[in-house]
Amino acid sequence: YYDVTPIRKTSTNSITFSATNGSSTITATDSSHGAVIGDFVTISGAVSLGGNITATVLNQEYEIDTIVNTNSYKIEAKDSSGSEITANSSDTGNGGSSTVAAYQLNIGLDV
């Protein structure tokens, strides 16, 4: 078997995260990410932000909800079962310096 997931870009050691107390929205910063709303990114190697946003929450596949600018986008934090996770006041970290983001090909038209 071969993994044929179409990866458009991989960012290594350059993506960081921020969270706001009481919100499930995570802002990811990755220079020139090239993503659009609805794209998927698989994150690995991240560490906890210090509270509810643990490494397990960060290190999974996410659909990008909002494009902030060419260097940032937003995702909704979830646990491994897909349930929403809300950040708390201890979530002040940035996800560490060894995070990898694998971006799938940009989404296209349905037909």
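**Strands and how they pair**

Five bridges link strand β3 (residues 25-29) with strand β7 (residues 72-76), and the two run antiparallel. Strands here are DSSP runs (E, at least two residues), numbered from the N terminus, and two of them count as paired if DSSP finds at least two bridges between them. Keep in mind that this is a predicted model: local features need pLDDT of at least 70, side-chain atom pairs count only at pLDDT 80 or more, and totals for chains, interfaces and linings use all residues. Residues are numbered from 1 along each chain as its sequence is written, and side-chain values use heavy atoms, with hydrogens and water left out.

**The four-stranded sheet**

- β3 and β7 belong to an open sheet of four strands, ordered β2-β3-β7-β6, with antiparallel pairing.
- At the edges sit β2 (16-19) and β6 (66-69), each pairing on one side only.
- Neighbouring strands in this sheet are turned by 30° against each other on average, direction ignored; the axes behind that angle are lines fitted to C-alpha atoms, and angles run from 0 to 180 degrees between N-to-C directions.
- Look at Thr 29 for one of the contacts: its bridge partner in β7 is Ser 72.

- Strand β4 (residues 40-44) has Val 41 and Ile 43 on a covered face, while Phe 40, Thr 42 and Ser 44 are on an uncovered one.
- In a regular strand, side chains alternate between the two faces of the sheet.
- β4 runs antiparallel to strand β5 (residues 61-63), joined by three bridges, and Phe 40 has Glu 63 as its bridge partner in β5.
- Strand β8 (residues 100-104) is also antiparallel to β4, with four bridges between them; in β8, Tyr 103 is the bridge partner of Val 41.

Conventions
Buried means under 20% relative accessible area, exposed over 50%, partly exposed in between (1.4 Å probe, protein chains only).
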